[in-house]
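Work through the exercises below with the sequence and the model open. Try each task before reading its solution.

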Amino acid sequence: GRPRLRVGLVGQGIGPSRTPAMHEAEGAAHGLDYRYRLLDPAAMAPSPDLGELLDAAERAGYAGLNVTYPYKTAVIDLLDELSDAARMVGAVNTVVFRDGRRRGHNTDFWGFAESVRRFLPDAPLDDVLLVGAGGAGAAVAHALRTLGVRRLLIADAEPQVAERLVDRVSAAAGAALARPVTDMAAAAADVNGIVNATPVGMAKLPGTAIEPDLLAPRHWVADIVYFPLETELLRAARARGCRCLDGSGMAVFQAVRAFELFTGLTPDSDRMRATFEAL
Ligand code: NAD
């Protein structure tokens, strides 16, 4: 029979995720018997804790797990080793089980970087404003750093969250690359690009984390929210003639890299994107 591979996604509120379909279609295209399960501890009875869930998946022979909200940081204590990206970002969204060891990776980091390389190849990266310094914002900040951003302004509704990320990014850069900001108008006036990494703009949380009036045609604007893909922020940015990047690139490429880590095979990212878009 076909080689058998079992993986899953651990998180809460994961029902609408398009990640299982991307993985299973890609696995089938490679001739694998590939199953990607949704594992929401809160929806199981009795509800396992994260450690029990990882133990059970490992015992059942899973190749690995994706991990999402609210477990990306908590999972770190349950692992044997971390990739450079996971250590840098301080969050894990992919765990690989191999030879009795658990290795944590962060494919959101690569996913965002790759989406900028592919879909905003000529975007000026001198000065960028990142709004939202949570788990995803940390992956985006380090991705922007490795893409060559020279000055990164970071805003968050919780100033100490922004300051913590500023310290981590500057430490990784070995220079004062990042700076916390609270005055959004002054920050927007200073930058070439703006990234939203807050949940504001999701269908269940409408609005924008940055006032649309602060957008100018010279800005490129990226939103990592992907439900919906056309957020209020991107709609306002397009109306002003800004170059835009929606959240699908990061969502597809994080899955591309995770598939590669789970299987050791080279996925077809265009095919995975086609699956994402067909849903
Ligand atoms: P999180 O809760 O860890 O972080 C969100 C941060 O945004 C918090 O620090 C919060 O204080 C801040 N924030 C909220 N409202 C704000 C506002 N109005 N102004 C400034 N800061 C504000 O969440 P997360 O895991 O980082 O996810 C953020 C969003 O990114 C979610 O919508 C998630 O779906 C999306 N996401 C997309 C991808 C993708 O592949 N495209 C990957 C991961 C996350």
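Predicted model: local features only at pLDDT ≥ 70, side-chain atom pairs only at ≥ 80, totals over all residues.

Residues are numbered from 1 along each chain as its sequence is written, and side-chain values use heavy atoms, with hydrogens and water left out.

**Exercise 1. Describe how α9 packs on α10.**

Step 1. Find the helices: α9 spans residues 248–263 and α10 spans residues 269–278. Helices are DSSP runs (H or I, at least four residues) and strands are runs of E (at least two), numbered from the N terminus.

Step 2. Take the geometry. The two axes come within 10 Å and cross at roughly 125°. That makes α9 oblique to α10. Angles under 35 degrees count as roughly parallel, over 145 as roughly antiparallel, 65 to 115 as roughly perpendicular and the rest as oblique. Axes are lines fitted to C-alpha atoms, for helices over the stretch in contact, with angles from 0 to 180 degrees between N-to-C directions.

Step 3. α9 passes α10 in a right-handed crossing. Right-handed means that the near helix is turned clockwise from the far one by less than a right angle; anticlockwise is left-handed.

Step 4. List the contacts (heavy atoms within 4.5 Å). On the α9 side are Ser248, Gly249, Ala251, Val252, Phe253, Ala255, Val256 and Phe259; on the α10 side are Ser269, Met272, Arg273 and Phe276. By class, this contact has 8 nonpolar, 3 polar and 1 charged residues. Ala, Val, Leu, Ile, Met, Phe, Trp, Tyr, Cys and Pro count as nonpolar, Asp, Glu, Lys and Arg as charged, and the others, Gly among them, as polar.

**Exercise 2. Which residues of α1 are buried, and what covers them?**

Step 1. Helix α1 runs over residues 19–29, with Thr19, Pro20, Met22, His23, Glu26 and Gly27 buried.

Step 2. Look down the axis of α1. The buried residues fall within an arc of 165°, so they line one face of the helix. The arc is that of the directions from the helix axis to the C-beta atoms.

Step 3. The cover includes β2 (33–39), β3 (64–67), α9 and α10.

Step 4. Turn to α10. Its axis is 9 Å from that of α1, at an angle of about 135°. The crossing is right-handed. Ala21, Met22, His23, Ala25, Glu26 and Ala29 in α1 meet Arg271, Met272, Thr275 and Phe276 in α10.

Step 5. Check the end of the helix. Just after α1, Gly31 takes a positive phi of about 75°.

**Exercise 3. At what angle do α4 and α5 pack?**

Step 1. α4 (residues 107–119) and α5 pack at about 50°, with axes 8 Å apart. That makes α4 oblique to α5.

Step 2. The crossing is right-handed.

Step 3. Now take Ala136 in α5 (residues 135–147). At 22% relative accessibility, Ala136 is partly exposed.

How values were computed: Buried < 20%, exposed > 50% of the residue type's maximum accessible area, 1.4 Å probe, protein only.
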